[in-house]
Amino acid sequence: MFAPRNETHAALAERWPHLFLVPVPLKIGIHKDFPPEGERPVSRVKFREFLASWVKTPEYKAACATAKARYDFDGKMCPLAPEVTKHA
């Protein structure tokens, strides 16, 4: 488990624990799938700010280095393209 770093992280981890309690590679462009107002725990701006810092953490980078897939908000796997796997 990964302890939430701030209020935004805590809110996201409560709503999507499969994505934010244990770092997993997120779907490319996941910010485009962020739920509409009233269905999300934080604002779109707070989510994008959090996401920008989250993907730079050593834990997230380590998860990406060995990943076979990325995940969306529903926990569905999004396969990696071969060129992405080589780059990681």
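What percentage of the 88 residues in the chain is buried? Buried residues make up 38% of them. The structure is a predicted model, and the values below are computed from it.

## The chain as a whole

The chain contains five helices and two strands. Read from the N terminus, its elements follow the order α-α-α-α-β-β-α.

## Helix α1 and its partners

Helix α1 spans residues 7-15. At its start, a side-chain oxygen of N6 comes to within 3.1 Å of the backbone nitrogen of T8. The buried residues of α1 are T8, H9, A11, L12 and A13. These buried residues pack against α2 (17-20) and against α3.

The axes of α1 and α3 come within 10 Å and cross at roughly 95°. Angles of 65 to 115 degrees count as roughly perpendicular, and α1 and α3 are therefore roughly perpendicular to each other.

Which residues of α1 and α3 meet? On the α1 side they are T8, H9 and L12; on the α3 side they are K46, F47, F50 and W54. By class, this contact of α1 with α3 comprises four nonpolar residues, two polar residues and one charged residue.

T8 and E14 both belong to α1. T8 has a relative accessible area of 14% and is therefore buried, since buried means under 20%. Leaving aside neighbours within four places in sequence, T8 is in contact with V42, K46 and F50. E14, in turn, has a relative accessibility of 69% and so counts as exposed, because the exposed class covers values over 50%. The C-alpha atoms of E14 and P4 are separated by 9.6 Å, and these two residues are 10 residues apart along the chain.

## Residues in the loops

The loop between α2 and α3 holds H31, and D33 is found in the loop between α2 and α3 as well. H31, at 23% relative accessibility, counts as partly exposed. Not counting residues up to four places away in sequence, H31 touches R44, F47, R48 and L51.

D33 has a relative accessible area of 35% and is partly exposed. Which residues does D33 contact, leaving aside its neighbours within four places in sequence? They are K27 and F73. With K27, the side chain of D33 makes a polar contact, side chain to side chain, at 2.5 Å. D33 and D72 are 39 residues apart in sequence, while their C-alpha atoms are 8.3 Å apart in space.

A further loop, between α3 (44-54) and α4 (58-65), contains T57. Is T57 buried or exposed? T57 is buried, with a relative accessible area of 6%. The side chain of T57 reaches the backbone oxygen of W54 at 2.9 Å. W54 is also one of the α3 residues that meet α1.

## Accessibility of the selected residues

The table gathers the accessibility values of the residues discussed above.

| Residue | Relative accessible area | Class |
|---|---|---|
| T57 | 6% | buried |
| T8 | 14% | buried |
| H31 | 23% | partly exposed |
| D33 | 35% | partly exposed |
| E14 | 69% | exposed |

How values were computed:
Residues numbered from 1 in each chain as written. Predicted model: local features only at pLDDT ≥ 70, side-chain atom pairs only at ≥ 80, totals over all residues. Heavy atoms only, no water. Helix = DSSP H or I, 4+ residues; strand = E, 2+ residues; numbered from the N terminus. Buried < 20%, exposed > 50% of the residue type's maximum accessible area, 1.4 Å probe, protein only. Polar contact = N/O pair within 3.5 Å; in protein donor to acceptor, adjacent residues only side chain to side chain. Axes fitted to C-alpha atoms, helices over the stretch in contact; angles between N-to-C directions. Parallel < 35°, antiparallel > 145°, perpendicular 65-115°, else oblique. Contact = heavy atoms within 4.5 Å. Nonpolar A, V, L, I, M, F, W, Y, C, P; charged D, E, K, R; others polar.
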